[in-house]
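Let's take a walk through a protein together, one stop at a time. Have the sequence and the 3D view ready, and look for each residue as it comes up.

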Amino acid sequence: MTAFASDGLAADTRPNPNRPIAVWLLICAAMVLAMAVIGAITRLTESGLSMVEWKPLIGILPPLSSAEWNRVFDLYKATPEFRIYNSHMDLAGFQSIFWWEWFHRLWGQLIGFVFLIPFLRFWMQGRISSALWPKLAGLFLLGGLQGGIGWFMVKSGLVDSPNVSHYRLALHLGTAILIYALLLRTALGLLDPLPLAGWRPESASFRRHTRWALGLVAVTIVWGAFVAGSDAGFAYNSFPLMNGHWIPPEVDTLTPWWLNPVENTAAIQLIHRALAILTGVVVLVLAARVLNARLPGRAGRAALASGAMVLLQIAMGIATLLTVVWVPIAAAHQAGAILVVSMLVWLLFELRPIGRE
């Protein structure tokens with residue numbers, strides 16, 4: 001049985017057999033979003049280097065005895081972070097930072113279980129199509145790789161310097177957002193395999209614009225990770241000027257010059273600010289174009305949501321600076337970056353040609 005959409009195209013009203021799979025993938029995506037927020041809090045509370053062992057699966061359980069607590073604390077005492085910053089710390093103080101990193105790792109492994117167990121069940125029930133199977137298997141492998149990238153990042157802060165590499169942090173965050181976007185896009189394709197209301201030729205231009213916007217968001221997120229990893233957010237805590245300057249004089253103090261954009265605190269923050277404003281303009285122009293075209297379906301709503309979210313994200317970024325990286329706002333700012341990606345992925349999906357999942 002079919003019903004007709006407002007533009008005259010037939011819409012299938014039969015129950016969608018892929019809906020349970022889509023809901024499962026959306027739950028996984030929500031868990032990845034939560035993981036990014038937990039990771040931000042772990043970093044902002046300087047808890048990320050408290051666990052110096054990587055024990056997938058068997059490391060789910062925290063220390064359960066005084067002897068085990070003392071053992072892991074002794075391991076932490078051998079790290080640069082303890083020697084340089086926390087030599088005064090007692091066991092109680094160590095436990096206060098240990099729990100955030102432990103929860104961060106626990107949540108990551110829970111995501112793996114929440115993905116793998118339903119995946120195997122759907123597969124055994126024959127509900128995963130031959131086209132969908134490699135996508136889901138790839139997502140699982142990418143999730144496993146992300147765990148390894150996380151440990152690769154942590155190790156960079158356990159050797160000589162008590163700071164993780166901001167390049168590895170950017171890789172870790174970028175991979176998380178890629179996994180999230182792929183989960184969301186796959187779920188959307190299962191929920192709505194055919195366009196609800198139709199597609200017009202001018203949508204091709206909007207799709208290209210949306211891809212450019214997503215690319216800019218990705219680059220902005222990378223420089224945001226550089227800001228976080230280099231502690232650049234604790235400098236120049238004013239807006240729009242940076243300590244009274246549009247361009248602070250410290251932006252080109254490193255040699256060779258090409259190190260400044262990725263190593264110089266002033267340059268890193270300036271580039272992140274500039275990218276954020278540019279991205280905001282590109283997304284707002286995109287939203288205006290799509291809304292003005294009055295396309296059928298939900299594209300207008302997705303465009304409006306994208307514009308509103310990018311404005312909110314810029315506001316949270318400014319608030320993060322002005323509050324000198326207050327943890328609740330800074331964590332919300334990281335979540336906001338993923339929500340901007342969400343809205344643009346949704347918009348790109350709504351602009352797809354007829355018959356293309």
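Is His 272 buried or exposed? In this predicted model, His 272 has a relative accessible area of 17%, and because anything under 20% is called buried, His 272 counts as buried. You'll find His 272 in helix α9. Skip the residues within four places in sequence, and the contacts of His 272 are Thr 220, Trp 223, Gly 224, Val 227 and His 333.

That last contact is worth a visit. His 333 sits in helix α11, which covers residues 327–350. With a relative accessibility of 19%, His 333 is buried too. Besides His 272, His 333 touches Gln 313, Met 316, Gly 317 and Thr 320, again leaving out residues up to four places away in sequence.

Now for what a record has to say: an unreviewed UniProt entry gives the annotation "binding site" to His 272 and His 333.

Phe 239, Ile 277, Val 281, Val 285 and Leu 322 make a nonpolar surface patch of about 420 Å². Helix α9, running over residues 265–293, gives the largest share of this patch, with three residues. Val 285 is in helix α9, and with a relative accessible area of 41% this valine is partly exposed.

Next, the aromatic rings. The structure has 22 aromatic pairs. Take Trp 69 and Phe 94: their ring centres are 6.3 Å apart and their planes make an angle of 85°, an edge-to-face pair. This pair links distant parts of the chain, with Trp 69 in helix α2 (residues 66–77) and Phe 94 in helix α4 (residues 91–124), 25 residues apart. Both are buried: Trp 69 has a relative accessible area of 9%, and Phe 94 has 0%.

Compare that with Phe 115 and Phe 140, whose ring centres are 6.1 Å apart; their planes are at 20°, so this pair is stacked. Phe 115 belongs to helix α4 and Phe 140 to helix α5 (residues 133–155), so the pair ties together parts 25 residues apart in sequence. Phe 115 is buried at 6% relative accessibility, whereas Phe 140 is partly exposed at 33%.

How values were computed
Residues are numbered from 1 along each chain as its sequence is written. This is a predicted model: local features need pLDDT of at least 70, side-chain atom pairs count only at pLDDT 80 or more; totals for chains, interfaces and linings use all residues. Side-chain values use heavy atoms; hydrogens and water are left out. Patches are made of residues with over 30% relative accessible area and no salt bridge: like charges are joined within 9 Å, nonpolar side chains (Val, Leu, Ile, Met, Phe, Trp, Tyr) within 5 Å. Accessible areas come from the Shrake-Rupley method with a 1.4 Å probe; for residues, only the protein chains shown count as cover. A salt bridge is a side-chain nitrogen of Lys or Arg within 4 Å of a carboxyl oxygen of Asp or Glu. Helices (H or I, at least four residues) and strands (E, at least two) are DSSP runs, numbered from the N terminus. Buried means under 20% relative accessible area, exposed over 50%, partly exposed in between (1.4 Å probe, protein chains only). UniProt positions are given in the numbering used here, feature names are shortened, and annotations may be inferred rather than shown by experiment. Contact means heavy atoms within 4.5 Å. Rings of Phe, Tyr and Trp (its six-membered ring) pair if their centres lie within 6.5 Å; planes under 30 degrees apart count as stacked, over 60 as edge-to-face and the rest as tilted.
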